[in-house]
Amino acid sequence: AVAALAATVILVLTALDPRADAAIRAEATAARTAATAAVEDEGADCPVGSTPSGADAKLPDPFRRIDGTRITSKADWRCRRAEIRELAERTVYGRKPARPTVSGTVSSSGITVNVSDQGRSASFSAKVELPAGSGPFPAVIVVGGLGADTATIKAAGAAVISYDPLAVGREGTARNNKQGAFYTLYGNTSSTGLLMAWSWGVSRIIDVVQQSGAAVLKGDSLGVTGCSRYGKGAFVAGAFDQRIALTMPVESGTGGAPILRGANGESGAQSLSSAYGEQPWLGDAFSSYTSSPNNLPVDTHEMIGMIAPRGLFVMENPHVDWLAAKSGSVAALGGAEVYRALGAQSSISYWSDVQDGTHCAARSEWRTPMTQSINAFLKNSGTGPGVFRIAGSKAGSLSGWRDWTTPTLADGGTSGGTSTGTTSGTTGGSTS
Ligand code: MCU
């Protein structure tokens, strides 16, 4: 029914517009292609200097390079993003290794993923549920079983790929004995935390979908979502894989979307040391920052910037203080400045103004914007919701958190930026 409705919309558009249906579709596809990338990390070749030290109680300037200069063009964002990616790996999440050897299968009911690297191998799988109609379908990867509104996803015409991240990074282990497919490959003493391991698993599912050809699922039309701890994982997955067209973290709390500098000071919110200690979600290196987040060279508004200009819909719950929604609103407002600078403001949405306080409930308020997001970013139909609905009780103010302004970035080529320092990033296989 939804596919038929979409077809009707296209027909109506075609009737209103003298151009052919194909021309409209091509234009929409070009717009989408500009946002997503063919590869996981377009900045893997960018040089990144050493980690800056020094405390700053305000949010770091997303547009200022490690060498102190500011970017001036949209093209400069590629290597500035790589700096943020690298600093986030070093200090918050741990290393995401380069793609290992990946193989697997995709069917209408499931995906198998086989990974191997330097003689070690592991496998995991995911369940597939198709929407009505005929494929190939866009799809949303649902991290963990909690609370994702799979009915809305399917009603919008996207398949659901249910992925159990615990098979890739188990909870309940000591940091020096991590378990799961990621750690089978990279060692149980890897300093990479579970969120990044889960995110790596999402990327390997995408590898398999893309390798399989578009018989069942469309590898260039994939989203990711999850709630709570799996919202943290969905957030990290979207930030660290530029092939993901739509990221929808739900009620992710401390260690997810909310600014790390805000968690310890937000009334009732989970503290950084609590999130660090509850499970090995964050990387081992984060232990240095749990009581001094002002020393972090990055914050999550910049991880949101890593998702820009791709589709992002952040959902939060203002009724449970533990979930740090006020810090979440600041992250979204700060990250939106990157979207704005890149000319993609309508691609980020945030919504915490909801009635039902149950953690990970499927909320009626989110149905329409979620459907709109799937249509815009996974089906090339219309634009994203482009809304910011922040609950008054948890409305943070960006102005108190920044001392930088948002530049007008030129459309042209790259500028400035010395290339000193070590080249690093996703080229190495080591995670410790
Ligand atoms: C919001 O995510 C977590 C939270 O960080 C934990 O402290 C709490 O125990 O569980 C939440 C969650 O995953 O709930 C299902």
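This report covers a ligand site, a helix pair and some backbone features of a predicted model.

## Basis

Residues are numbered from 1 along each chain as its sequence is written. In this predicted model local features need pLDDT of at least 70 and side-chain atom pairs pLDDT 80 or more, while totals for chains, interfaces and linings use all residues, and side-chain values use heavy atoms, without hydrogens and water.

## Ligand surroundings

Residues around the ligand (a heavy atom within 4 Å) include Arg229, Lys232, Glu251, Glu278, Trp322 and His359.

For Glu278 the distance is 2.5 Å; for Lys232 it is 2.8 Å, and for Trp322 it is 2.8 Å.

## Helices H10 and H11

Contact (heavy atoms within 4.5 Å) involves Ile304 and Ile307 of H10 and Val338 and Tyr339 of H11, among others.

## Backbone features

Most residues other than glycine have a negative phi, and most peptide bonds are trans. Glu251, in the loop between strand E7 (246-250) and helix H8 (260-263), has a positive phi near 45°.

The peptide bond from Gly135 to Pro136 is cis, with omega near 0°, and Pro136 sits in the loop between strands E3 (120-129) and E4 (137-143). Ala308 to Pro309 is also a cis bond, with omega near 0°; Pro309 belongs to the loop joining H10 and strand E8 (311-315).

Note on methods: Helix = DSSP H or I, 4+ residues; strand = E, 2+ residues; numbered from the N terminus. Polar contact = N/O pair within 3.5 Å; in protein donor to acceptor, adjacent residues only side chain to side chain.
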